[in-house]
Amino acid sequence: MTAQNLRPADFDEIGSGYSRVRRADPRLTAAIADALGPARRIVNVGAGAGSYEPGHGEVVAAELSMIMLGQHPGRRRVRSAAESLPFAADAFDASMATLTVHHWSDLRRGLEEMRRVSRRQVVFTWDPDHDRQLWLHTDYLPGMAAFERSRFPALDQVVDILGAHRVEAFDIPHDFTDGFQHAFWRRPEAYLDPRVRAASSMFAVLPPGAVDSALERLRSDLASGTWARRHAELLARHAVDYGFRIVIAGEDLDRR
């Protein structure tokens, strides 16, 4: 299976309807707000439709895709790539980036820009070296797992570039409302919904034939009860650590 990595601008093609499936989960919202601390001036880099922006303070959305910016509810929106933010040094108390660094053309430049424009940085990302894999990858789309690992930067690399002082694990709840790929680990039927797949950049770059074949096998396994028997352990769990991490760097704003 082969696929080309998405450029941020590709969300102008796949981003329509994104906000209907990718609804911010209140538990992750709270975790990110805690990481941001008392920051009042915040820039959301690769903001997408605005998920996980805190309810307090002034937030500026920096996003390259016009389709995504059009779905963002905020008034302060700037079309910009992460690698060249149009802001002065230390213009913000904090910067945040949520499931976006794997789409950037230059990880180092993007993270260094976050450090340049803000005193504190918070990045929510996925650790490609995490052991536990999603069953969708292992059982139905094995090429997807390798591709995911190839496009996400190593967690250590993100930590090193930012000079991060803290990394927090975020286990995915079984009823997670943000429909990214791992959200449906206990709701397998969701992957059969084309609206769910359309909100995932991974499905957008996989060969359609491979996806269709995998979905037919999943549909059959759900109907026969094979999936439930194979994954009975998951059905008894409320949350699973799939390697999602909150990386925190920069100043401790609580001490100022």
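Let's begin at P188, which sits in the loop between β7 (172-173) and α9 (194-198). Helix and strand names such as these follow DSSP runs (H or I over at least four residues for helices, E over at least two for strands), numbered from the N terminus. The structure is a predicted model, in which local features need pLDDT of at least 70 and side-chain atom pairs count only at pLDDT 80 or more, while totals for chains, interfaces and linings use all residues. Residues are numbered from 1 along each chain as its sequence is written, and side-chain values use heavy atoms, with hydrogens and water left out.

Is P188 buried or exposed? P188 is buried, with a relative accessible area of 3%. Here, buried means under 20% relative accessible area, exposed means over 50%, and partly exposed is in between, using a 1.4 Å probe and protein chains only. Apart from neighbours within four places in sequence, P188 is in contact with W135, L218, L222 and W227; contact means heavy atoms within 4.5 Å. P188 and W135 are 53 residues apart in sequence, and their C-alpha atoms are 9.5 Å apart in space.

Now look at D90, in the loop between β3 and β4. With a relative accessible area of 46%, D90 is partly exposed. Leaving aside neighbours within four places in sequence, D90 is in contact with R41, R116, V117, S118 and R119. D90 and R120 are 30 residues apart along the chain, and 9.5 Å separates their C-alpha atoms.

**The sheet**

Which order do the strands of the open sheet follow? Its seven strands run β3-β2-β1-β4-β5-β9-β6, with mixed pairing. The edge strands, each pairing on one side only, are β3 (77-79) and β6 (166-169). On average, neighbouring strands of this sheet are turned by 20° against each other, direction ignored. Such angles run from 0 to 180 degrees between N-to-C directions, with axes fitted as lines to C-alpha atoms, for helices over the stretch in contact.

Two strands count as paired if DSSP finds at least two bridges between them.

| Strand pair | Sense | Bridges |
|---|---|---|
| β1 and β2 | parallel | five bridges |
| β2 and β3 | parallel | three bridges |
| β5 and β9 | antiparallel | seven bridges |
| β6 and β9 | antiparallel | four bridges |

I42 has V59 in β2 as its bridge partner, and A62 has V78 in β3. Towards β9, R120 stands opposite G250, while R166 stands opposite I248.

How well covered are these strands? Five of the six residues of β2 are buried, so β2 is largely enclosed by the rest of the structure. β9 is mostly covered, with six of its seven residues buried.

**Helices around the sheet**

Helix α8 (residues 155-162) lies across β5, β6 and β9, and runs at about 15° to β9. Follow the chain from β2 through helix α4 (residues 66-71) to β3, and you trace a right-handed β-α-β unit. Right-handed means that, with the strands pointing away from the viewer, the path from the first strand over the helix to the second runs clockwise.

**The whole chain**

How many helices and strands does the protein chain have? There are 13 helices and nine strands. The radius of gyration of the protein chain is 18 Å, close to the 18 Å that the globule rule gives for 256 residues, so the chain is as compact as a globular protein of that length. This radius is taken over C-alpha atoms, and the globule rule is 2.2 Å times the number of residues to the power 0.38. Along the principal axes, the C-alpha atoms fill a box of roughly 60 × 35 × 30 Å.

Of the 256 residues, 53% count as buried. Among contacts between residues at least 6 apart in sequence, 73% join residues at least 24 apart. The accessible surface comes to about 11,400 Å², and 48% of it belongs to carbon and sulfur atoms. Accessible areas come from the Shrake-Rupley method with a 1.4 Å probe; for residues, only the protein chains shown count as cover.
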